[in-house]
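I opened the model today to look up a few things for my own notes. Here is what I went through.

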Amino acid sequence: MSERTAVIASRVGLHARPAGIFVAAVGELPIEVTIAMAGEPADDAMDASSILSIMSLGASNGDTVVLRAEGDGADEALDSLVKILETDLDAE
Amino acid sequence: MLGMKKSRTIVQTLSNSADASRAPADATEIGRTFAGIGVSPGRIIGPVLLMPAAVREPAVGERLAEGTSSEEASAALRTAAKAVQTDLTDRSISASGAGREVLEATALMANDPMLVKAAVKLITNGASPERAIWDAAASVAEMLHNLGGYMAERATDVLDVRGRIVAELRGVPAPGIPYSDTPFILVAEDLAPADTATLDPAKVIALVTSSGGPQSHTAIIARALGLPAVVAAVGVGALADGTRIFVDGAAGTILVDPGADEVALAKAWETSSAALAVFDGTGRLKDGHLVPLLSNVGGARDADKAAAAGAEGVGLLRTEFCFLERDTEPSIAEQVEAYRGVFDAFPGKKVVVRTLDAGADKPLPFLTDASEPNPALGVRGYRTDFTSPGVLERQLSAIAQAAEGTEAHVWVMAPMISTAEEAEHFASLCSAAGLATPGVMVEVPSAALTAASILEHVDFVSLGTNDLTQYAMAADRQLGPLAALNTPWQPAVLQLVRLTVNGSHDEGHDKPVGVCGEAAADPALAVVLVGLGVATLSMTARALSAVAAVLASVTLPEAQQLAKLALTAHSATDARRLVREKLPILNTLGL
């Protein structure tokens, strides 16, 4: 199990357009990725390819989230997703 | 309408060749007319596309059909969800701006793993796929709703997607504005603000609705896009897709299978509308009496368009554009930048900024309470300062900062003022912010009745005729059955305009009374308003040239005479008819 933390950089938090960009990126990966707020049990983690799950997570600007994945290429995949979360996508 | 009967025989001969494949049931409709309320001028002929009715809810507890396994049903659901996603993604590619973002986000929701998994689980327990997605989406929507703010607004998107998936499963057309490669006349019950995002003005050439009134969203959208439109045309929902109709957006009439007369009228409109597209930038009557024609704008892009169309300034800057779709208040710096974009489009000209008008049909999560039982009579407009003090002062400070260093003459006005005390308080806030020209809107009848006292505290008033009509007539703007009440042609509304002008005279300094409601965009009503003593008219930029052309055809005494006719008419219909009869130019121009 690989694990990464990321601080949400988008001003509007992880919803609207930033959430859409993130979900689309997860959808292109061959592995399953989960997302949870930092400090929450891994069992409560949500499917990171679901825009509705991401929106219900309610992560705001500055919140820390935890990404988890297993399998080949999990580390590289998570690194690329962290990069997306730590960019202010709303500003682009 | 008169003269249409005469052309019916010609219509039939023409339509036989063009519509040989039409079902015989429609043939009974040849030459049939529908009467509604014309809300945006233009004469046009085209094929009908009906906006599908909202998707019917599957029966509660509806089970899997006999002989269908839950695996097959789940596969059908997945296929439908995928199809809806593909359809929305395809459409997002051809859309632009905000519409595109809405479509992209809803496309993702359509095939969302969380939603689909929840529905598949219900199917495994024996539910029909339609009922399964219905309930699964309802749970998700409720969850989003409970999160409040921005998320609560997205609940509507989930329900929209649900309707599309159920329609796909049933094999019926998707709800919402139909999609077509060729231009068509959209026939619907009514349009919601959300429909504007997906309305492509290159494809939709006219709007016809069976419900809605002159101030409904359909009417506002139509005028903003310059599309001929008729609302409250009872029975048009029975028209079949592909039927050719003639729409007269000034007369408010629709004719099925038009003939040579209507073809000629539509041709003439094409020519006159091209000529009408030009406004020389000075509104004046035949005798030279000046009536500055300003524009209503909702942002810098609008302002540029209005300036290009010759507007003599901005009579209403709706500042909501800065605030809508947000769950927190925009910073002062953000506001300054947004307002400056508008000011820069009008150097040396007047720009009237209306402070935030939230509430009622424009809820804002951080400012208004969506659970009010009667939002039109609730905390809206200026009144949000009672419950959320500070927002207005910060906005005034942003307006003052934006005004610094621009060449525009910046005026500020508050919406939904009811008393002279409120006007006085607003004027003191403006003065504290360093804004020199405060004013208020007259939308509440009490403000019209006490205009003289109000004008002792502020420098101008602007009549918002949409709300003034709704409050004077106690008739909700959005309700089709009340459309006849809800027109600014109502003599009672015109009396309130007159009283406001009288109030200005009584106050003694001849402070200007303007109109910035939809009424100013109606060329015939514009003449009446000027006759009543209104100094300036502000409207959607598209209406400028038509209003200017009609104003230029009358003198001030003539306008005053027409105003008297309208004021003393027995009904709104009479007022409109009597005035229009005396303005032959309207018919010449097809307005």
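Which residue does D357(B) form a salt bridge with? I found R354(B), with the closest N and O atoms 3.5 Å apart. I count a salt bridge when a side-chain nitrogen of Lys or Arg is within 4 Å of a carboxyl oxygen of Asp or Glu. Both D357(B) and R354(B) are buried, and buried here means under 20% relative accessible area, exposed over 50%, partly exposed in between (1.4 Å probe, protein chains only).

Ground rules for my notes: this is a predicted model, where local features need pLDDT of at least 70, side-chain atom pairs count only at pLDDT 80 or more, and totals for chains, interfaces and linings use all residues. Residues are numbered from 1 along each chain as its sequence is written, chains are lettered from A and ligands numbered from 1 in the order in which they are written, and side-chain values use heavy atoms, with hydrogens and water left out.

Helices (H or I, at least four residues) and strands (E, at least two) are DSSP runs, numbered from the N terminus.

Next I checked R394(B) and E329(B), whose side chains meet in a salt bridge (2.8 Å, N to O). R394(B) is in helix 13 (residues 391-403) of chain B and E329(B) in the loop between strand 10 and helix 11, so the pair ties together parts 65 residues apart in sequence. R394(B) is partly exposed at 34% relative accessibility, and E329(B) is partly exposed at 24%.

**Chain A against chain B**

I noted that chain A has three helices and four strands, in the order β-α-β-β-α-β-α. Of its 92 residues, 47% count as buried.

For the contact (heavy atoms within 4.5 Å), I list 17 residues from chain B and 13 residues from chain A. The two chains bury about 1200 Å² between them, 75% of it on carbon and sulfur atoms; buried area is the accessible area (1.4 Å probe) that two parts lose on being put together, summed over both. On the chain B side, L108(B), Y150(B) and M151(B) lose the most area to chain A, together 34% of what that side buries. I see one salt bridge between the chains: D47(A) with K117(B), 3.7 Å between the closest N and O atoms.
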